Amino acid sequence: MSTTQAFSIGPIAIEGMEKSRGFLLGLLTSLSDEQLAARAGGAGNHALWIMGHIAQSDDAVVSAFTNEPSCLPDGHDALFAAKTSVSDNATDYPSRDELLERMTNARERVVGWVKSLDDQSSLQASPEQLAAFAPNPIAAAHGVSLHEFMHAGQVATIRASLGLQPVCQ
């Protein structure tokens, strides 16, 4: 007798998000407020921008799939959307605590959305604006953690440029 059990890959996507978030937070925790604005080699993204960008991209993914408004304050996208210019002036950005709160709120929104997906809805076509990022919601859910890991690599490079020790999670 053969039995089949339904298997949802949503929980696996959420587990990936927990791992990527844990790794990024591990890299950020020991950076001073001044170091949050450091840019490796004087170029690229700094940790403040990365924190805001992670919140912005998480929020944008959910909004694209659900057609619900952003959970982030007005002006957040203008600072943190992809291809925005990174300012060397840390006072142009919200504080570490504010950015961590925005990251948490946006990620909770993503997790809630992923939990709402069923086997059918998780494989529907992505909205046009996200099709290049992911062909369907479950691929987008996995892409959230991959995107965060990529930016965590930038923070690791910033840390190395500051002479800080690697962080192992």
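Me: Which residue does R21 meet in a salt bridge at 3.7 Å, N to O?
Reply: D58: the side chains of R21 and D58 form a salt bridge at 3.7 Å, N to O. The term means a side-chain nitrogen of Lys or Arg within 4 Å of a carboxyl oxygen of Asp or Glu. R21 is in helix α1 and D58 in helix α2 (residues 47–66), so the pair ties together parts 37 residues apart in sequence. Helices here are DSSP runs (H or I, at least four residues), numbered from the N terminus.

Me: Before I go on, what kind of model is this?
Reply: This is a predicted model, where local features need pLDDT of at least 70, side-chain atom pairs count only at pLDDT 80 or more, and totals for chains, interfaces and linings use all residues. Residues are numbered from 1 along each chain as its sequence is written, and side-chain values use heavy atoms, with hydrogens and water left out.

Me: And what's the mean pLDDT of the chain?
Reply: The mean is 93, and 95% of the residues reach 70 or more. pLDDT is the predictor's confidence in each residue, from 0 to 100. Over residues 1–6 it stays under 50, and the model has 0 contacts there beyond four places in sequence; a contact means heavy atoms within 4.5 Å. Where pLDDT is low, the predicted coordinates should not be read in detail.

Me: Back to R21. Buried or exposed?
Reply: R21 is buried, with a relative accessible area of 10%. The cut-offs are under 20% for buried and over 50% for exposed, with partly exposed in between (1.4 Å probe, protein chains only). D58 is buried too, at 1%.

Me: What does R21 touch?
Reply: Leaving out residues up to four places away in sequence, R21 touches I54, D58, M103, T104, R107 and E148.

Me: How far apart are the closest N and O atoms of R21 and E148?
Reply: They are 2.6 Å apart, in a salt bridge. That pair links helix α1 with helix α5 (residues 137–161), 127 residues apart. Both R21 and E148 are buried.

Me: Which residues are linked in a network of salt bridges?
Reply: R21, D58, R107 and E148.

Me: How many salt bridges in the whole structure?
Reply: The search finds 10. One of them joins D88 and R39, 2.6 Å from N to O. D88 sits in the loop between α3 (76–80) and α4 (96–116), and R39 in the loop between α1 and α2, so parts 49 residues apart in sequence are tied together.

Me: Is D88 buried or exposed?
Reply: Exposed, at 57% relative accessibility.

Definitions and conventions: Helix = DSSP H or I, 4+ residues; strand = E, 2+ residues; numbered from the N terminus.
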